[in-house]
There are 4 protein chains.
Amino acid sequence: MDSVFRRVRIRNVLLRQCLAECLGVYILIVFGCGAVAQVTTSENSKGQYLSINLGFALGATFGVYVSQGVSGAHLNPAVTLSLCILGRHPWRSLPFYVFFQVFGAFLAAATVALQYYDAIMHFSSGQLTVTGPTATAGIFATYPADYLNLWSGFADQVIGTAMLLVCVLAVGDRRNTAVPPELGPLLVGLIVLVIGISMGANCGYALNPARDLGPRLYSYVAGWGDQVFWAGGGWWWVPLVAPCVGALVGSAVYVFLIEAHHPDLSLDAERADQCHTVDNKLALELEGVELDPNTPKGCPTEGQEAKKGEQG
Amino acid sequence: MDSVFRRVRIRNVLLRQCLAECLGVYILIVFGCGAVAQVTTSENSKGQYLSINLGFALGATFGVYVSQGVSGAHLNPAVTLSLCILGRHPWRSLPFYVFFQVFGAFLAAATVALQYYDAIMHFSSGQLTVTGPTATAGIFATYPADYLNLWSGFADQVIGTAMLLVCVLAVGDRRNTAVPPELGPLLVGLIVLVIGISMGANCGYALNPARDLGPRLYSYVAGWGDQVFWAGGGWWWVPLVAPCVGALVGSAVYVFLIEAHHPDLSLDAERADQCHTVDNKLALELEGVELDPNTPKGCPTEGQEAKKGEQG
Amino acid sequence: MDSVFRRVRIRNVLLRQCLAECLGVYILIVFGCGAVAQVTTSENSKGQYLSINLGFALGATFGVYVSQGVSGAHLNPAVTLSLCILGRHPWRSLPFYVFFQVFGAFLAAATVALQYYDAIMHFSSGQLTVTGPTATAGIFATYPADYLNLWSGFADQVIGTAMLLVCVLAVGDRRNTAVPPELGPLLVGLIVLVIGISMGANCGYALNPARDLGPRLYSYVAGWGDQVFWAGGGWWWVPLVAPCVGALVGSAVYVFLIEAHHPDLSLDAERADQCHTVDNKLALELEGVELDPNTPKGCPTEGQEAKKGEQG
Amino acid sequence: MDSVFRRVRIRNVLLRQCLAECLGVYILIVFGCGAVAQVTTSENSKGQYLSINLGFALGATFGVYVSQGVSGAHLNPAVTLSLCILGRHPWRSLPFYVFFQVFGAFLAAATVALQYYDAIMHFSSGQLTVTGPTATAGIFATYPADYLNLWSGFADQVIGTAMLLVCVLAVGDRRNTAVPPELGPLLVGLIVLVIGISMGANCGYALNPARDLGPRLYSYVAGWGDQVFWAGGGWWWVPLVAPCVGALVGSAVYVFLIEAHHPDLSLDAERADQCHTVDNKLALELEGVELDPNTPKGCPTEGQEAKKGEQG
């Protein structure tokens, strides 16, 4: 196989990253929207709302496992945008990331439609509708509950995406709890799970422009028609704009309440990378170790690190 | 961003800790009470009792991830009080921790009310009531079941919080099973999950004065009125007092049955910190290794540690 | 606190182990039977059968975390018996372990009865019965389904306990997948979960003489009367005897199909203890590494180990 | 015990691997089909569709734990076939692996039938049928939903198995996210879980010729008759052929979108084995570390590795 590998190898880093983002979002949506399709078309006999939450959560987990090492596993234009604004991702790759994220979601929606074609036709008696008792457009994009005011929905998406970013940034902050990379995707999945459990009722927790736009475009071209844009009082633009606002709010909350105040911020990148010691105050307290609250905490000094190295 | 960081940086350790406790409790309550709001207002169509258990469990998990490295992630005045009594946390920071824990819970309740405003109004037809078929006060604070005697409820909260502390202390005890810091928040979440699954039916497993008082105050000022204090026979003080009693009982149970008897207690703090080897009798037994029951167990000797270090 | 610790410290290893087993089983039963009480008395409104499965699973997890470092976390007389027969635990401590395991389960049943006293009285209208629509004896001990023949139930318990032991021995076998000690309790919980999900319908998956006898004795003395022994055609002795048979069958299956054939069995205990490298054929295959099927696998040679140590 | 071990020890590597595959698939099916039996015969009172998903998921997890260190834990002829085609497993052991995988599934089906004999007889009033309201053949093999066209079912199985392989290869790819071997079985279980949640409604997500053929053969000989082959329009061959196609599709997708483009592909096997550093772009971005997108990423250079080794 190695010779085949060498012949097809892509050396352009941005293209590799775009392929990884595309596949990552594809996995997220195939599992997430697939779970919605299963619960909808089986009329809750082969799943329930919690299954949908688990579908999107584990979809996020494996989407991250597939792309983390290549593209950083943003899987969400709002995340890419936030990282660009925070200066942690180059602006020039933003449009490419976003396009491939939406494209991956579109392909995934097509896959779900293919896999559930018979089931959708059977459930809806062949009527592809956006509203009503046998509506199936909700398999793909999100739509607000009947009672929901558009601006309440906007606030819902801002709050949800802000919580997503606060938790993702906390899990990724090595000067808080140092989570090893192999656990990261599981924790991202649990964040998506808890948001779905606590913030899914109003308007389906899109939290992600690509997750919503790609499948909505698919359902538009595949026969659900322009109702996918008119439904919910012209809801379609909310899951595109509100998550971007929410991601910035969440980043600001985490940075200004927690991250900006870590004492060891001036450490250079290489040292931060090597520092795996968490400043685990709770563990020390449970252990009965007296802490001096005036000592700056964080990475151990070089002497300590060398010592730890010797003891494995 | 670094220059921005440097300008806003807070160097006061206690203030940083209070901000972290505030955000940690905020996350716990936004996800926990958010799940209750989702299940209540969707009339179990978008969740069930298990969703509520998962909401509080994962809320605890990410509340701990957000604050562990800064404040120790108490997130509960009863825990802070226990650690002060055990001599593992300074008494002088107790009032500050407690205030910010309650404040974080209050802000979170306000966020849930904002996010579910339309849903609550739709579900309750605009009547904000504490009891009755469309009561919504239970989204915020806990109320006892109709059948529950006040003192039975007090016992329930003592037992629940005691079990919480026994498990948290066991997970944090490095001379028992040495759990690495990145797993701690997940295990705290699982402890909250199992308590909700097995001890939630009587009076909603508050186990935490801040979790109950903050949202109760919010619901009082936001329109549910003074019934939030009179309901359940004046229930409101039980989730404030009983968890403190329970936390002390649980700490005593763990310390006097397990922790006080570890052989290596006299080791100094630094060594305990470096000792990651668990005295894993089960693993050795499963492996077929004969153990001499008279050998004191615990951290390996210095010679063994050096040897292990060499072998990675 | 240290001076208090020093005064109460117990230096007798067996007594420390018995206290740990007692507390470990106590946690298992408080959470497990507590979940049954919650689901039963709330008539499935605050939980479902899956909640009960999770209650026993997480009860096992935290029972192991509490006792693993002290007593090895058997928490089950059938496990203790198997380990004695396999020569991995001293016979002389068997009766002490078993007594304290049953005693911990008895105390836990009393705690559940105290916590759910009002709920049980309300649900059963004060009639403590073993059978019938408001039977509550099933909160404590296990009883077979109506359709179940006694000997089918015996086979069910043998199969269930055998699967428990196969999985526990696999997880603890460092020459198969080397699971670090901090993950062990989580995996034990998942084993209990899957057994409850797939083998709980017939007769409630006791799998553990202490889990069944302790609570049964409690319900006998607490007012359910001698029906707890007569019900189910004299079912009570099956969960005492069948798990012991099953544990031996399961140990034999794992040892003779997998463990006896590991190539590096003659390594001495110390080396086995230091060997953390798993012989991970799957990972290598997925990675594309050619394996020579004739090379004995297992712990690396000393040279390899030293090399790895240098590279961290 | 050691002398017993030495007497029974099998030194033939292939036979050891076949025993491990057999026991691994046995565990997968005992737990998976056992969960179906529990949900079916209890008429959803002791479980629900999610329980079945969890049964197969945790069955896969513990099947992998039992066999990973010996046979590589394929547990699926489609996986073995893919690895042979990718050149990562020897062709000559393919027929032996497949036979023992099917044999393990057959034995497991027999065990489930034994354990649930009384329950099946009670539920079906003694009529062992393949279709109809009290059909019980679905406990063993998979059957398509009434609405499903045979070729739609074929596509469903191809898509499902392709997603299985994409995720399994991503988790096992050390140059993407380096997952330690002890977490692998848990992640395999989560992959099976999410596929069951999102792709189980149409035809029961066999995804595995052994999982379907072994139990189908058992149900054929045990009294369900040749209807197990005729039902669903001659469905039986689809879960044998389609997963093999899907496994190849999934392998190709992962290899050509992600794996072939890793920069460090030419590293020799030994180095790849020692390289545990994940190229964790996300973590660095969240941390605020500027990345040069033109630097090839992957394993650190030898100098870096030595340095890390010194620091533990």
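User: Hi! How many of the 16 residues in helix 8 of chain C are buried?
Analyst: Hello! 14 of the 16 residues are buried, so the helix is mostly covered; buried means under 20% relative accessible area, exposed over 50% and partly exposed in between (1.4 Å probe, protein chains only). One thing to keep in mind is that this is a predicted model, where local features need pLDDT of at least 70, side-chain atom pairs count only at pLDDT 80 or more, and totals for chains, interfaces and linings use all residues. Residues are numbered from 1 along each chain as its sequence is written, chains are lettered from A and ligands numbered from 1 in the order in which they are written, and side-chain values use heavy atoms, with hydrogens and water left out.

User: Thanks. What span does helix 8 of chain C reach from its first C-alpha to its last?
Analyst: Helix 8, residues 184-199, reaches 22 Å, close to the 22 Å expected at 1.5 Å a residue. The expected span is 1.5 Å times one less than the number of residues. Helices here are DSSP runs (H or I, at least four residues), as are strands (E, at least two), and both are numbered from the N terminus.

User: Switching to chain A: how many helices and strands does it have?
Analyst: Chain A has 14 helices and zero strands. Of its 312 residues, 66% are buried. Contact here means heavy atoms within 4.5 Å. Taking contacts in chain A between residues at least 6 apart in sequence, 76% join residues at least 24 apart.

User: Is Ala252(A) buried, exposed or partly exposed?
Analyst: Ala252(A) is partly exposed, because its relative accessible area is 31%. The residue sits in helix 11 of chain A, which covers residues 238-257. The C-alpha atom of Ala252(A) is 41 Å from that of Pro133(A), a residue 119 positions away along the chain.

User: And which residues of helix 11 of chain A are buried?
Analyst: Among them are Val238(A), Pro239(A), Leu240(A), Cys244(A), Tyr254(A) and Val255(A). The length of helix 11 agrees with expectation too, because its 20 residues should span 28 Å at 1.5 Å a residue and its end C-alpha atoms are 28 Å apart.

User: What do the buried residues of helix 10 of chain A pack against?
Analyst: They pack against helix 9 (209-224) of chain A. The buried residues of helix 10 (residues 227-234) are Val228(A), Phe229(A), Ala231(A) and Gly234(A).

User: Now some helix pairs. At what angle do helix 4 and helix 5 of chain D cross?
Analyst: Helix 4 (residues 77-85) and helix 5 (residues 94-115) of chain D cross at roughly 170°, with axes that come within 9 Å. Axes are lines fitted to C-alpha atoms, for helices over the stretch in contact, and angles run from 0 to 180 degrees between N-to-C directions. That angle makes helix 4 of chain D roughly antiparallel to helix 5 of chain D. For the cut-offs, angles under 35 degrees count as roughly parallel, over 145 as roughly antiparallel, 65 to 115 as roughly perpendicular and the rest as oblique.

User: Which residues meet there?
Analyst: Pro77(D), Thr80(D), Leu81(D) and Cys84(D) of helix 4 meet Leu94(D), Tyr97(D), Val98(D) and Gln101(D) of helix 5. The residues of this contact between helix 4 and helix 5 of chain D divide into six nonpolar, two polar and no charged. Ala, Val, Leu, Ile, Met, Phe, Trp, Tyr, Cys and Pro count as nonpolar, Asp, Glu, Lys and Arg as charged, and the others, Gly among them, as polar.

User: How about helix 2 of chain D, at what angle does it cross helix 5 of chain D?
Analyst: Helix 2 (residues 13-41) of chain D crosses helix 5 of chain D at roughly 35°, and their axes come within 7 Å. The contact of helix 2 with helix 5 of chain D has 18 nonpolar, five polar and one charged.

User: And in chain B, why is helix 5 oblique to helix 9?
Analyst: The axes of helix 5 (residues 94-115) and helix 9 (residues 209-224) of chain B come within 7 Å and cross at roughly 50°. That angle makes helix 5 of chain B oblique to helix 9 of chain B. Their contact residues divide into 12 nonpolar, two polar and no charged.

User: Last one: which phi does Ser125(C) have?
Analyst: Ser125(C) has a positive phi of about 50° although it is not a glycine. Most residues other than glycine have a negative phi. Ser125(C) lies in the loop between helix 6 (117-124) and helix 7 (150-172) of chain C, and it is exposed because its relative accessible area is 61%. Ser125(D) likewise has a positive phi of about 50°, and at 60% relative accessibility it counts as exposed.
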